[in-house]
Amino acid sequence: MPPAIPAPGPAPDTAPAPPPGSRSPRPRLVMPVLAFCGMIVAVMQTLVVPLLPHVPDLTGASPGAAGWLVTITLLTGAVFTPVLGRVGDMYGKRRVLVASLGVLTAGSVLCGISSDIGVLITGRALQGAALAVIPLGISIIRDELPADRVLSAIALMSSTLGIGAAIGLPVAAVVIENFDWHTMFWASAALGLLDLLLVLWIVPESAVRSRGRFDLPGTLGLAGTLVGLLLAITRGSDWGWSSARTLGLLGASLAVGLLWGWFELRTPSPMVDLRVSARPAVLLTNVAALLIGFAFYANSLVTGQMVQEPTSTGYGLGASIVVSGLCLLPGGLAMVALSPVSARISAAYGPRTALALAAVVMAAGYVVRFFTSHSLWLIVAGATVVASGTAIAYSALPALVMRAVPVSETAAANGLNTLMRSVGQACCSAVVAAMLAHVTFVAGGRSAPTLHAYLLIFLIAGGTALAALVATLFLPSDRTGRGRGPLRGRACGGGTVTVSATVTAARESA
């Protein structure tokens, strides 16, 4: 990479700061409001999971169509998270955050007013697009909070993905068993509107902006690549992995992705700066995010179904949908408690060390799960250990990303990192579905997964956590490049930005 050439005058990737009146009059409330936004968005991602088995009866749709209530959320979240992160960097993070919450609220209202599967899928697509709230919140935190609060605030904001998922499942289960199922969508609409109003009242617009023209071709190329890839991964088990549809989507995704990469390397204002993303510190962090996302999601997918298996299987506990959801609640509480602990670990030893520790804890959790699959309390204990490792990992990942990218690209870079977690979750969903569908036996007159299928999933997830550990160990050391030398990055307007070491140290370490 050629040496940085300072541009005369203001840094080319930073827009003028907003007027002083745009600063929040209640700075202590900024973090709680952003964390609340993140939790509500995360709850939306898992809200329909307990409802899925009942959707065909409630809507008259086929089981395949019901599955789109999850698939479409994954697709829109994957596409819009990096795109809206980039738009936020360019045009204002608070502005895009408000728009995302408005889209979430609209999607919830659509799901609340209808039982038509087409309307429900459309509403879920809008809810998925709001996943961009997480990286936008992280970027606002970096821009607005005092240096001594940045790491702990980012740790909590990033962990809301796991916290919301752990809380959303049991809450949705209680609503489904005791109220009309539309109630959970009306509740989510009310919470989304409350979020939107709180952001307008409390959260200031960030002073840090990127210059340049919005990359529409790059956006369309990224969307095409992701949609083809994720559709093939998530629907491949239903269509057949060797079917023309699955292989065609994978091939088209590869072709579009190569063309998109060629274009992004040649445009002066790319949607994703591939030169920055190819740096070992960024690339390996994103690889670790994908692997951690896989290992985390296996815990969420398998726990509820395993304890609900009938006792006739020889290992199932015959638990209700509410009990199965509550099995993940201790893990969610552990994630809340461990977020500040993770920030202290990152501050004292560096986020690389924190991420390595998280991978080890997650792998240990799956060892516990492998040997304790017949007791409800031990299943909960193992699931909580995995969730604890996830909390530390999700807290460390954005800190690693922000050490390696320019300040003006924070939201886009964290959006890409969040996308990699989503891809990991999609891969996990496909692997789990394949295992539970094909490693089966007949119990109580019906086909059910064998205990071996669940144990194999635990082995794969634990191995994935160890693979994340390997990727983490190849990251640049926390003692190298930290607070020394300039942080250089490709500016959005085609120039180069140089951020002093003192500014970097003050904003990115506690």
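Start by selecting S108, which sits in helix α4, residues 93-113 (helices are DSSP runs of H or I with at least four residues, strands are runs of E with at least two, and both are numbered from the N terminus). S108 has a relative accessible area of 0%, so it is buried (buried means under 20% relative accessible area, exposed over 50%, and partly exposed in between, with a 1.4 Å probe and protein chains only). Now show what S108 touches: leaving out residues up to four places away in sequence, you'll find M44, Q127, F185, S188 and A189 (contact means heavy atoms within 4.5 Å).

A quick word on what you're looking at: this is a predicted model, where local features need pLDDT of at least 70 and side-chain atom pairs count only at pLDDT 80 or more, while totals for chains, interfaces and linings use all residues. Residues are numbered from 1 along each chain as its sequence is written, and side-chain values use heavy atoms, with hydrogens and water left out.

W186 belongs to helix α8, residues 182-202, and its 42% relative accessibility makes it partly exposed.

Now jump to P50, in the loop between α1 (30-46) and α2 (55-59). Is P50 buried or exposed? It counts as buried, because its relative accessibility is 9%. Beyond its neighbours within four places in sequence, P50 is in contact with L169, A172, A173, I176 and I321. Select S324 too: it is 274 residues from P50 along the chain, yet their C-alpha atoms are separated by 9.6 Å.

C111 is buried at 0%, and C327 is buried at 3%. How many disulfides does the model have? The count is zero, taking a disulfide as a pair of cysteine sulfur atoms within 2.5 Å.

Finally, zoom out. The protein has 19 helices and four strands, and 57% of its 510 residues count as buried.
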